Amino acid sequence: MRIIDNNQYNQSGQGLVEYALILVLVALVVLVVLAAMGSGIEDSFKKLPFFSGDEDNPILSTKDDFLARIQAFYDENGRWPRSWGDYAYTDIGLDPDDWNEPVEGIYWGPHGDDVGLANRHGDNLEVYVDDLQGDTLHLYNGWNIWCPVSNEHCYYHNIAPGNEVDLSTLVVIEE
């Protein structure tokens, strides 16, 4: 005949309950910490290129807006907007005075069927962008990144194969 000790079963059941309570307590602490730091963590992730979508990246949003305006002008008029003087902006419904200074650290210039993102001589801004191989390129003063309506890519300095860049990696440093 086998004798069963009820205390042994009570103690093992008690141990499982203690472990469960500890796990619940740890989970609650983690949730409280994440809730307290949530927006800071979210902002950190949004700075990563793979996390940001167009709606979260003002450079991409502005580029997309320019290209949509340029395409809409073409669709309505059967020709590309003019690319000189104030017409470059007014043809696509923008006030040129709003674009005389850098916006998001970039000088924006619509030019026919594309938009140029530039760094100008004499400003205190340095612009960097990665090419599709992950190499960082410096946008020299007076050079542009060109984003044509007819292509999904933007290009460093001139529109040519091998010059494609990942605009979501663009960084502007104020010196």
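**Strands, a pocket and a disulfide**

Modeller: Let's start with the second largest pocket: strand S1 (107-111), strand S2 (114-118) and strand S5 (144-148) each supply at least two residues of its lining. Strands here are DSSP runs (E, at least two residues) and helices are H or I runs of at least four, numbered from the N terminus.

Colleague: And what should I know about the model itself?

Modeller: This is a predicted model, where local features need pLDDT of at least 70 and side-chain atom pairs count only at pLDDT 80 or more, while totals for chains, interfaces and linings use all residues. Residues are numbered from 1 along each chain as its sequence is written, and side-chain values use heavy atoms, with hydrogens and water left out.

Colleague: Which strand gives the largest share of that pocket's lining?

Modeller: S1 does, with five residues.

Colleague: How does the lining divide into nonpolar, polar and charged?

Modeller: Six nonpolar, four polar and one charged. Ala, Val, Leu, Ile, Met, Phe, Trp, Tyr, Cys and Pro count as nonpolar, Asp, Glu, Lys and Arg as charged, and the others, Gly among them, as polar.

Colleague: How much space lies in the second largest pocket?

Modeller: About 160 Å³. A pocket is an open set of points on a 1 Å grid over the protein atoms alone, where a 1.4 Å probe fits, with protein on both sides within 12 Å along at least five of seven lines; lining residues have an atom within 4 Å of a point. The volume is the space filled by probe spheres set on the points, which are joined across faces, edges and corners.

Colleague: Back to S5. How many of its residues are buried?

Modeller: Five of the five, so S5 is largely enclosed by the rest of the structure. Buried means under 20% relative accessible area, exposed over 50%, and partly exposed in between (1.4 Å probe, protein chains only). Asn144, Trp146 and Pro148 are buried on one side of S5, and Ile145 and Cys147 on the other.

Colleague: What does S5 pair with?

Modeller: S2, for one: they're antiparallel over five bridges, with leucine 117 opposite isoleucine 145. S5 is also joined to strand S6 (residues 154-156) by two bridges, again antiparallel, and there tryptophan 146 stands opposite tyrosine 155. Pairing needs at least two DSSP bridges between the strands. A hairpin of five residues joins S5 to S6.

Colleague: How many disulfides does a search of the whole structure find?

Modeller: One. It joins cysteine 147 to cysteine 154, S to S 2.1 Å; the cut-off for a disulfide is a pair of cysteine sulfur atoms within 2.5 Å. The link is right-handed, with 115° about the S-S bond. Cysteine 147 is buried at 0% relative accessibility, and cysteine 154 is buried at 4%.

Colleague: New topic: where is serine 168, and is it buried or exposed?

Modeller: Serine 168 is in strand S7 (residues 164-174), and it's buried because its relative accessible area is 19%. Its side chain makes a polar contact of 2.7 Å with that of aspartate 166. A polar contact is a pair of N or O atoms within 3.5 Å; within protein, one must be able to donate a hydrogen and the other to accept it, and residues adjacent in sequence count only if both atoms are side-chain atoms.

Colleague: And what's the phi of histidine 157?

Modeller: Positive, about 70°, although histidine 157 is not a glycine. Histidine 157 lies in the loop between S6 and S7 and is partly exposed at 32% relative accessibility.
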